[in-house]
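Biologist: I would like to go through this model with the cut-offs in hand. Shall we take the terms as they come up?

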There are 2 protein chains.
Amino acid sequence: MGQAVESDLVERLLDGEHRALARVITKIESQSPGYRDIVSEIHAHTGHASVVGITGSPGAGKSTLVDKLAKFYRDQGETVGVIAVDPSSPYTGGAVLGDRIRMASNVGDMDVFFRSMSARGQLGGLSTATADAVKALDAFGKDRIIIETVGAGQNEVDVVKTADTVVVLVQPGSGDDVQMLKAGILEIGDVFVVNKADMEGASRTVAELEEMIHLRDDPRAKLDMGHHGAEAMGDHHGHGEHTDDDQDDEPEPDPVWTPQVVETIATTGEGIDELVETLSDHYTYLAESGELDEKARQRAAEEIRQLLRSDVNRLLERELDDRGGIDDFASAVVDKETDPYAVTEDVLEPLRECLEDRDD
Amino acid sequence: MGQAVESDLVERLLDGEHRALARVITKIESQSPGYRDIVSEIHAHTGHASVVGITGSPGAGKSTLVDKLAKFYRDQGETVGVIAVDPSSPYTGGAVLGDRIRMASNVGDMDVFFRSMSARGQLGGLSTATADAVKALDAFGKDRIIIETVGAGQNEVDVVKTADTVVVLVQPGSGDDVQMLKAGILEIGDVFVVNKADMEGASRTVAELEEMIHLRDDPRAKLDMGHHGAEAMGDHHGHGEHTDDDQDDEPEPDPVWTPQVVETIATTGEGIDELVETLSDHYTYLAESGELDEKARQRAAEEIRQLLRSDVNRLLERELDDRGGIDDFASAVVDKETDPYAVTEDVLEPLRECLEDRDD
C-alpha cells in the first residue's frame, strides 16, 4: 500500500487500463486518502479532450441522447468517457448496486467508459469532484468527455460549467423547462436541444427558446441582434452557420457565439449529426476566439477557490472544536456573554496575526 | 466621527430614536466601517421581540398581508418593524430612490417601521445582514418583527430561517407555488397561508397543501400521522387547535408542530385574525417545547459559521493577492506548472502551521 501503489495506479491509468481509471474516479468521489496526490500527478497529462456538459429535466431524454452521441463519436473512431452526476441524491443507482461501471447499452467495447457520480460532501464539492474525474478521463486519453446532469439548481449549474460546451436539453411543451430556463440555465447554454422533436408543441418550444436567446439581457446578444438580428430570427433551425449575405465586407469570424437551437429525436437518432456539427462549430469558435483558453483559466481559478474554501472551512471547524465546539460559542451568544462578531474575531485573530507576521 | 459617534448612535437607538435605527440598519446593509462594533453592542439588548418570516411568490399578496398584519398588531398596542428583503436584485426600489424608510401605507405613526434591504455582498451575506437588522429592531424595542422575502432559492430560505416562525404564502391554483414548495420551502413552513382565498381553486390548493404536509418525508410528521392522522386529515382549516377526542389520556401539549394552513383575503383583511391566532399558537408551542431556545442557539451557531466563512474567505483573497493574484495561479495551473491542489496546499500551509503551533 501507500505511495508506491498510488503512483503505480496513475501509471496504469496513463497506460490506458480501464480498471485503474475506475479506481481513480472512485478515490476522487470518496475523497480517499491520497486522492489529491493522484489528481495532482494526473493534471500534467490533461488538456487534450473536448468536454461537453449536458443538462436537462428528468424525462427530457438525456441518457438516450448521450448514448447516441457517444455512439456517433465512437463510429468516427474516437474514444468517449461519460460522467453522469446526480446532485440531488446521495447515492445513484449504480452506487447502491456497488458496480458503477457500465458500458453504454449500444456500444460493444470499453471505449465508451460510463461512470455515475453521487452527491457526497458539501456544497461545491461535487463540481470539484466532477472536474477531477474529467481530468482522469482526459489523462487516460479519452477524446470526448460528456458530463451529464439534471439541470435544477446552482449545484447542477456549477457541475455543467466544468465543460467547454454546455448543452441544455428541453422537452417540448413542458412548463418545467421554462422554469428551469428562468432559473439561470438560459445564461449558461451554448446549445439548446429540443429533444422529442416529433412531439406536439416542439416548434413552439423552438420558437420560444430562440426568442429568449435573442432577448436575453446580455450585451453580447444585443450586439449580435444589432448585427444580423433579422436573419437570426428567421433562421429557426440554425446550427452555427453564419451566412452574412448582407455583410460581405466583414469576412472575419463572428466575435460572439449566438446560442443555437437544434431539434433531435434521440430514440431514433434523428438530428444527432446536426447536434455533433453544432458542437464542433462551438468548439471551433471557442478555439479561434481564445475563449477556450480563457475558460480553462477561469475554471482553474474556480477550482483553486473551491479547494481553498472547503479546506479552510475544515481548518476552522477543527479550530472551533479545539476551543470547545460551536455549541458552547452559540450558547454564550444566546446568553449574551458574547456575540457572533466577537466570537469570529476571537477565532480568526491567530490566523490574521500569523499572516501579518509572514508579510513583515 | 469615530468611536464616540458610534456609541452615541447605539444609545439613541436604544432610546427609541427612529432616525438612529434607520442609520444603524443602513450601516449594517452597506457594511460601513464600525458596523460590527454597533451590532456587538446591540446584541446584549436583544431577545424580546417575536420574529415572523413571510415568504411567497411575487404576486401572492405578501405586501398587503404584511401591511394588514402590522396594522392588526398596532391596533393591539404593539410596535412593529418590517424588513423586506429582495435577494434577486442588487437594489430595491427604495435603494434607487435613496429613501428607504417608508411608513406602512395604512398606519399613521412610526410604530410600524418599514425598511427594505437589497442583495449586496456575497452569498450568505444577506442572511447575516437580515439577522443583524432584526437585532437592531429588537434592541430598539419593537414587539413584533416581520421579515418579508420572495421564496425562490436557497438565499431566501436562509433569510426567512432567521425568524422564529416561517409563514409561506401561496396563491391558489398557481403552478409556481407547487414548484416553490417542491424546492424546499415546504420543509421550512410552520404556517401556510392560502391568500386570495376567494379565487377559484383555493380549496383545492388548501387540500393539496394539507396532503403535502401530512405526507412529507419528516419523522415528526410521520409520528404525528400515527397519533392523530385521521382527524388531522379531516381538519382542513385547522389553526393550531389539537382536539384529541380519542386521546383524552394524553393531556400534555403536542410534542410536535403540525404545519397549519390558513385562508386569507389580505385585501379585505379576512382571515388575518385567524392567522394572528395561529402565529400565537406557534409561538406558544415554540416557547413551551423549548424549541424557541434551541432555534436561538442554532441561529447563533449559523451566524458564527457565516461570519467565519466570509471573513476567512476575505483573508484568503488578500493572501492570494499578496502572492500575485488568483489569475497568476490559474495561468500556472493551465500551463501545467502546478495544479489546484498544490496551489491550495501552498496558500494554506502557513495557516495550518500557525494553528498547529498554537496547539502545542
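Modeller: Helices (DSSP H or I, at least four residues) and strands (E, at least two) are DSSP runs, numbered from the N terminus. This is a predicted model: local features need pLDDT of at least 70 and side-chain atom pairs pLDDT 80 or more, while totals for chains, interfaces and linings use all residues. Residues are numbered from 1 along each chain as its sequence is written, chains are lettered from A and ligands numbered from 1 in the order in which they are written.

Biologist: Where does A:Leu13 lie, and what makes A:Leu13 count as buried?

Modeller: A:Leu13 sits in helix H1 (residues 3-14) of chain A. A buried residue has 20 or more other C-beta atoms within 10 Å of its own, an exposed one 12 or fewer, and a partly exposed one lies in between; C-beta atoms are placed from the backbone. A:Leu13 has 26 such neighbours inside 10 Å, so A:Leu13 is buried.

Biologist: Which residues does A:Leu13 touch?

Modeller: Contact means C-beta atoms, placed from the backbone, within 7 Å. Leaving out residues up to four places away in sequence, A:Leu13 touches A:Ala20, A:Leu21, A:Val24, A:Ala136, A:Ala139 and A:Phe140. A:Ile42 is 29 residues from A:Leu13 in sequence, and their C-alpha atoms are 9.0 Å apart.

Biologist: Why is A:Met212 called partly exposed?

Modeller: A:Met212 has 18 C-beta neighbours inside 10 Å, so A:Met212 falls in the partly exposed class. A:Met212 belongs to helix H9 (residues 202-215) of chain A. Its C-alpha is 8.1 Å from that of A:Leu186, 26 residues away along the chain.

Biologist: Why does A:Lys336 count as exposed?

Modeller: A:Lys336 has 12 C-beta neighbours inside 10 Å, so A:Lys336 is exposed. A:Lys336 is in the loop between helix H13 (326-334) and helix H14 (340-359) of chain A. Its phi is positive, near 65 degrees, in a residue other than glycine. B:Lys336 also has phi near 65 degrees and lies in the loop between H13 and H14 of chain B.

Biologist: How do you know that the span of H2(B) agrees with a helix of its length?

Modeller: The expected span is 1.5 Å times one less than the number of residues. H2(B), residues 18-30, has 13 residues and should span 18 Å; its end C-alpha atoms are 18 Å apart, so the two agree. Its buried residues are B:Leu21, B:Val24, B:Ile25, B:Lys27, B:Ile28 and B:Glu29. B:Gln31 follows H2(B) with a positive phi near 50 degrees.

Biologist: Why is H6(B) described as largely enclosed?

Modeller: Of its 16 residues, 15 are buried, so H6(B) is largely enclosed by the rest of the structure. H6(B), residues 125-140, reaches 23 Å from first C-alpha to last, close to the expected 22 Å. Just after H6(B), B:Gly141 has a positive phi of about 115 degrees.

Biologist: What puts the buried residues of H3(B) on the same side?

Modeller: These residues are B:Tyr35, B:Arg36, B:Ile38, B:Val39, B:Ile42 and B:His43. They cover an arc of only 160 degrees around the axis, so they share one side of H3(B). The arc is that of the directions from the helix axis to the C-beta atoms.

Biologist: Which residues have the most contacts inside the largest nonpolar core?

Modeller: A nonpolar core is a set of buried Ala, Val, Leu, Ile, Met, Phe, Trp, Tyr and Cys residues joined through C-beta atoms within 7 Å. The largest has 160 residues, and A:Ala136, A:Ile147, B:Ala136 and B:Ile147 have the most contacts inside it. Beyond four places in sequence, the contacts of B:Ile147 include B:Val51, B:Ile83, B:Val134 and B:Val159.

Biologist: How many residues of chain B are in contact with chain A?

Modeller: 46 residues of chain B are in contact with 46 residues of chain A. H12(B) supplies the largest share of the chain B side, 16 residues.

Biologist: How do you know that the copies meet through the same surface?

Modeller: 100% of the interface residues of chain B are also interface residues in chain A, so the surface is the same.

Biologist: What rotation superposes chain B on chain A?

Modeller: Superposition is by least squares on the C-alpha atoms of residues with pLDDT of at least 70 in both copies. Chain B goes onto chain A by a rotation of 179 degrees with 0.0 Å of shift along its axis, at RMSD 0.1 Å. The two copies are therefore related as by a two-fold rotation axis.

Key:
Two residues are in contact if their C-beta atoms, placed from the backbone, lie within 7 Å.
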